[in-house]
Amino acid sequence: MTSESTDPYLWLEEVTSDSALDWVREHNAPTVDRLTASKRFAEIEEQTLEALDTDDRIPYVRRRGDYLYNFWRDATNTRGLWRRTTLDSYVTDDPEWDVLIDVDELAKSEDENWVWKGATALRPDYRRVLISLSRGGADAAVVREFDLTTRTWVTDGFTLPENKSTVSWIDEDNVYVGTDFGTAPDGHSSLTESGYPRIAKRWTRGTPLDDAVTVFTGEPSDISIRAVYDDTPGFERHFVSRATDFFNSLLFENRDGELALIDVPTDAYAGVRRDWLLVMTRSEWSPSGPDGPTYAPGTLLTFDYPAYLDGNRDATVLFEPDGHTSLVDFTFTKNYLIITTLHDVHTSITVLTVGDWSPVEIAGLPVLATISVLDTDPDHSDEVFWSATSFTEPPSLLHGTIGSDDATVIKHSPEFFDASSVTTEQYFATSDDGTLIPYFVVRRTDVTHGPTLLYGYGGFENALTPGYLTVAGRAWIERGGIYVIANIRGGGEYGPAWHTVAQKAGRHLVYEDFSSVAKDLVIRRFTTPEQLGAQGGSNGGLLMGVMLTRYPELFGALVCQVPLIDMYRYHLLLAGASWVAEYGNPEDPDEWAFMQPFSPYQNIRRDVDYPPILVTTSTRDDRVHPGHARKLVARLEENGHTVDYYENIEGGHGGAADNKQAAYKSALAYEFLWETLGKTDEQGETEKQGGDDGS
């Protein structure tokens, strides 16, 4: 085992040291030289950038009062425009946009590499806005106040230096803020061990940040804490949340400085809307005690909130899961509750009347599509903006008002690849323990065997649902490749249990599931191990590292992006401590015992024939430390293996700060995959360059 004292590559964890960046440049150069020289790379990069920059795509919006707000990037505005319009204008083919902030101009005038991170407006008049801007795309951001009436930055406004801060409005002169306040009164840092705020304060305009009044202080071992104000008219309340780990939290109502714990399971999702408390369980729960009903993980319940605080535990069941159906999300409008579910990874929508919770029919939504709620205005109307998409259908934006107007398509993305001859199929692989694992296969109808790319994630209850393959459609499927999405455990495709079974000691199930899908693709003769590639990023990058070190015989190539790799030290790097509930604590010998076999860094061997691998990361990623990717490459090279490596100096956890960088990074990956997998197999099939295959 590589320990801190014996690890020869700790110096690569020094993110911006001269020696580390020299190493990065030395490793970038041969990868760039080799992968960017082909005509195919240039075509893929150009096509990808065209798709990302096109003015034809949907400008997604969020309603704030009378206006619809949008953030937009294109070839001319590479950093982006924050702008707004009215609904009447928006539904036309050529909306009249009122530009509020031009990030390109702002970056130029201030000589900063600003990347837009979001805006939080003060209700109900939406005159003041807290703007978050990141340098180079990192999670850490600068916060500044902007006045929408004067179109100027507020000179005496709420401003915060670069940090992973939280800030939310109370009223025009007060905000709740969590940031790096320096050393706390208890002698510990004001940030948690994960690097997020552990102290929430109430900050009044015109006063120094140091004079802000502490509302709540968490423990150093917490993930984060946050204070928020619910300004729902007639139901104004103050809340404090304390995340004790990634999946457990405590929720308090702050009543005149006294915190009242809302006594729900710490692993449940809980929220208050007017006088209803909604709880989605993540484990079995008997709220009335052993003599009362027990609710399964993934059940959505509602309670009378004031009565609940007084001890009443009478629940109304809004959704119950089954072996095939799980809850994805729930969203309020003024008079309705929208429940989004998955049945074998296919979306379904249910609408209930708030209060009596009776079902309501809704018309206009497409069938056989992944549908999500983009935006509602629950204090004022039953208006809903919806999104609908599939692997082969470009996203469409629908708008309607529940109870009066059907959902109607008002915007539609263009097609970026010819889907007329593309088919989508769902299969189920049998994992090592007998569990059926669903996966989708997307291919041209005339392509039944050949280069295949398998994508997976498998963590943090993140479900991979069908969505339009803008980039993969052009770069892979049109060119004759087969594209596969694996819905492995660790995700949320079948509710909380699909995730919790794969936490910590159950982590091996993630890797067994993914490898079982890889084997099933070969059994069904879609591909061969030599022509099967896999791709994943972040937690999916860890998945790729495990495939490399434990299942190298199954793959012909791997693309490993912004990965976790050294699981012995992951909790010491950047936000890593926040993921101990997912992976385990390597400082606990019992937990390291089940972690060590699946920590790629500790399992690289000289005498193993590894498939070709492309490893990518970002210097500016302040979530998953770039040292993981660097050390993987260094350890592989130490053991005599060849690796392709590319590190973007900017980009944050997404790996790219703008569309041009995103297109470049994507083209590198697809060129690498075509070069390694697109060779003639035993049946004589190969990728064609141009000609009749639609490339």
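Modeller: A strand here is a DSSP run of E, at least two residues in length, numbered from the N terminus. In this predicted model, β16 spans 248–255 and β17 spans 258–261.

Colleague: What makes the peptide bond from Arg-123 to Pro-124 cis or trans?

Modeller: Its omega is near 5 degrees, and the bond is cis. Pro-124 lies in the loop that joins β5 (114–121) to β6 (128–135).

Colleague: Why is the pair of Glu-675 and Arg-34 called a salt bridge?

Modeller: The rule requires a side-chain nitrogen of Lys or Arg within 4 Å of a carboxyl oxygen of Asp or Glu. The closest N and O atoms of Glu-675 and Arg-34 are 1.9 Å apart, so the pair qualifies. The structure holds 43 salt bridges.

Colleague: What does the pair of Glu-675 and Arg-34 tie together?

Modeller: Glu-675 lies in helix α13 (residues 659–677) and Arg-34 in helix α1 (residues 18–35), so the pair links parts that are 641 residues apart in sequence.

Colleague: Which residues make up domain 1 and domain 2?

Modeller: The domain assignment gives 16–49 + 416–678 for domain 1 and 325–413 for domain 2. Their C-alpha centres lie 32 Å apart. The contact takes 22 residues from domain 1 and 13 residues from domain 2.

Colleague: Which strand gives the most to the side of domain 1 that touches domain 2?

Modeller: That strand is β30, with four residues. β30 (422–430) and β31 (436–444) each supply at least two residues of this side. By class, the side of domain 1 that touches domain 2 divides into 14 nonpolar residues, seven polar and one charged.

Colleague: What is the area buried between domain 1 and domain 2?

Modeller: It is about 1500 Å², and carbon and sulfur atoms give 69% of it. In domain 1, Pro-466, Tyr-468 and Tyr-494 lose the most area to domain 2, together 39% of what that side buries.

Notes. Residues are numbered from 1 along each chain as its sequence is written. This is a predicted model: local features need pLDDT of at least 70, side-chain atom pairs count only at pLDDT 80 or more; totals for chains, interfaces and linings use all residues. Side-chain values use heavy atoms; hydrogens and water are left out. Domain bounds come from an automatic or database domain assignment. Contact means heavy atoms within 4.5 Å. Buried area is the accessible area (1.4 Å probe) that two parts lose on being put together, summed over both. Ala, Val, Leu, Ile, Met, Phe, Trp, Tyr, Cys and Pro count as nonpolar, Asp, Glu, Lys and Arg as charged, and the others, Gly among them, as polar.
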